[in-house]
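Work through the exercises below with the model open in a viewer. Try each task before reading its solution.

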Amino acid sequence: MDVPPHASSSSPEAQVAPNPGPSNEKRASRSAKASDKIRRRNRTINSCLECRRRKLKCDKNLPCASCSKFGRECRYLQGGSENPEAAREIAQLKEQLAGLERSFEERVAGASKADRLRSIGGSSLHGLDDDDTSDDDEDPLDDEKDLEPTPLAVMDAAYYDDADDDLMDLGVRFGKFRVTERIGGFVRPKLLEELKHYILETPSTNGPQDPSSPEAIAENRILTEDDYLGPSTQYVAPSSNFVFGGEPTTWTLDHFLFEKPASDRLIEQYFDAVHPMCRVVHRPSFERQYERFWKNRYVSTGTSVPAPSFVAVMMAAMLSAVVSMSEEQVNEFAPGQTQANLIDHFRRGTEFALSRANFLRTTKLETLQAFVMYLIPLCRAEVSRAHSALTGTAIRLAECMSLHRDGSHYDLSPVEIHVRRMVWYQLCFLDLRTCEATGPRPQIRAEDFDTKYPLNVDDKDLESPHPPIEDAERWTDMTFSRIRFECNEMHRLIWHERPRVEAKKSTLTALLGKVKQFWGATEKKYLPMIDEKIPLQFMTLLTYRALTYKMNIMILHRYCSNADRIMPERLRQVLLSSGLAQLEHAIAIETQETTKKWAWYSGAFQQYHTALLVLGEIYSAQNHYPHRDRVWLCIDYVFELPNAMNTGHKARIILSELKRRMEMYQRHRKVRAPAVMEGRAGPRP
């Protein structure tokens, strides 16, 4: 199996192009300001020159006691008002000395920063080739000094009172691309104006003349779509009934549970397509309980009542199994049924089981486990505020049960410690996913928990006479999820560090360096375990690449669309290369035959927002990018456009149609822009 081509033939951090930088007037202004800050010592000097040079106390006599004792020539400086010319000369000498000291310090600091940057980009980055790497010829901090994030992207959103709450808050759909007022976790109330200027930057070309051509047919199809505001088939909406009541109280488990052969098929699908991606249960323990449930199930005679918490876990597993099925699998499993009907059936069944298990006031780990399993198939590519609210509830319940404290603090079995850790880190992922989609910021902070990662071990090892206490240095049942969890916590670190960069307490280069260090440590630890010929391990590699390239995009995307200053070419290459690589790996997950069974969950990792970012960067009139062909292959896939269409015409269609659809969405959504944004949208330099 071949991994798709990487984003660039060179390491992003190692590739540097001349930076336009600030103007000479700005440099002169900064130099003048720096010179004004030199501290000058202009008070009268009364000690003799020999005592001053040796830093001795002088009694100011002529000769002084110190010079008399050691037989030195005692001389005094005649300055101040007695000799103003000498005082001016001394002041000039001191200023020149201070300037030399400052210049020396800046050169030393610049050299150390440049060495660190070269160490960041000097080796192959994530498989990017080293052929086109170039030396860093300028101070890496100079191109950041005046760089600011765009003021058009903010964390918090406000709305007008007459906004239409009946409209689903899922934004607009364009092919596989879906966008709301939030892009990459930030609200962009002036997105329509930004798109307008992007369109003006795009070269104007004539559209296809032949109405029967594939290009004309594709354009007509795009322009006549009218269901772009509605949810796709991937959307699973939660119901408020299982929180506030309202479902028929006469329902029983029999209303939702299929017979054992059909249930067995769903559990088999769960462990084949869901469990490897989103591990929440200890498989041997679950299978024993599942067999015991069917062995003792005599619901019709009332002689046995199953534990409500395990019923909720079982129903949540079946819901995930149905969501992960393809249409062909659904037809084979339940001929005549649609996937949407089956999903709705098991969603209501899971909500019914959670209500019976009193999930809102539970203290049982198993009930919380079921609640998290219920949220996993819901929080994927399309997330609403209802999903975010439920995730927040689950986090609060988990903290009330001390899942944010590691299970080793308590007298628990290795299996229970392991399950607690898995549930907690799945919640950590759901926290970031819903935060990106609906805002405003992560609810879980790194300093608020000490729960350790689940051990990289096989499930069976936890029930051995001597259960492991350290990670295994090989591929295990847990390796895929463990890599996901570690990448997710790096995303959390970036969320925390971005405000520090904006406050000038850190730099973009420093944060990119932390990402690079994470890549190096993670790849050294996990990549030797991965065999690309094994489908699940190949899927792990693709997912890891998509998640790690996302880190650079999270750091840089607010700086690329600033209308006040263009992004330095060094950072722009990092952004474009990472964006292209993320798109290629995400597309590979959905199109590779060996990974299709797990592609149902790929929307939870990325939502193709990078396609718009890359399109806007490469297709302005003055920007050039050597990998345009690869970029357009990705854009064609994301927006479902024919390859043969003229790229200039295609770019204008995408941007114009996206603008039209967002106008309709914002007409109902009515996002209120902060006053400081007025007049800030404009053409990029």
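## Exercise 1: A loop residue and its surroundings

Glu73 sits in the loop between α3 (65-70) and α4 (84-121). This is a predicted model.

**Task.** Classify Glu73 as buried or exposed, and find which residues it contacts beyond its sequence neighbours.

**Solution.** 
- Step 1. Take the relative accessible area of Glu73, which is 57%.
- Step 2. The cut-off for exposed is over 50%. Glu73 is therefore exposed.
- Step 3. Set aside neighbours within four places in sequence. Glu73 is then in contact with Glu50 and Cys67.
- Step 4. An unreviewed UniProt entry lists residues 47-76 as "domain: Zn(2)-C6 fungal-type". In the model, that stretch is 40% helix and 0% strand. Its end C-alpha atoms are 7 Å apart.

## Exercise 2: Aromatic pairs

**Task.** Decide how the rings of Phe186 and Trp495 are arranged, then do likewise for Tyr425 and Phe449.

**Solution.** 
- Step 1. Start with the total: the model has 25 aromatic pairs.
- Step 2. For Phe186 and Trp495, the ring centres are 6.4 Å apart and the planes meet at 10 degrees. Planes under 30 degrees apart count as stacked, so this pair is stacked.
- Step 3. Phe186 belongs to strand β5 (residues 186-187) and Trp495 to helix α16 (residues 479-502). The pair links distant parts of the chain, 309 residues apart.
- Step 4. Check burial. Both Phe186 and Trp495 are buried.
- Step 5. Turn to Tyr425 and Phe449. Their centres are 6.1 Å apart, with 80 degrees between the planes, and the pair is edge-to-face.
- Step 6. Tyr425 is in helix α15 (residues 414-438), while Phe449 is in the loop between α15 and α16, so the pair ties together parts 24 residues apart in sequence.
- Step 7. Compare with the burial cut-off of under 20%. Tyr425 has a relative accessible area of 4% and is buried. Phe449, at 12%, is buried as well.

## Exercise 3: Charges over rings

**Task.** Which rings do Arg484 and Arg498 lie over?

**Solution.** 
- Step 1. Arg484 lies over the face of Phe429, 4.5 Å from the ring centre.
- Step 2. Arg498 lies over the face of Trp495, 4.6 Å from the ring centre.
- Step 3. Return to the stacked pair. Trp495 is also the partner of Phe186.

## Exercise 4: Backbone checks

**Solution.** 
- Step 1. The bond from Leu62 to Pro63 is cis, with omega near -5 degrees. Pro63 is in the loop between α2 (49-54) and α3.
- Step 2. The bond from Gly439 to Pro440 is cis, with omega near -5 degrees. Pro440 falls in the loop between α15 and α16.
- Step 3. Lys504 has a positive phi, near 65 degrees. Lys504 lies in the loop between α16 and α17 (508-526) and is partly exposed, at 48%.
- Step 4. Lys670 has a positive phi of about 55 degrees. Lys670 lies in the loop between α22 (647-669) and β6 (671-672) and is partly exposed, at 25%.

Notes: Residues numbered from 1 in each chain as written. Predicted model: local features only at pLDDT ≥ 70, side-chain atom pairs only at ≥ 80, totals over all residues. Heavy atoms only, no water. Phe/Tyr/Trp six-rings, centres within 6.5 Å; stacked < 30°, edge-to-face > 60°. Helix = DSSP H or I, 4+ residues; strand = E, 2+ residues; numbered from the N terminus. Buried < 20%, exposed > 50% of the residue type's maximum accessible area, 1.4 Å probe, protein only. Lys NZ or Arg CZ within 6 Å of the ring centre and 35° of its normal. UniProt positions renumbered as here; feature names shortened; annotations may be inferred. Contact = heavy atoms within 4.5 Å.
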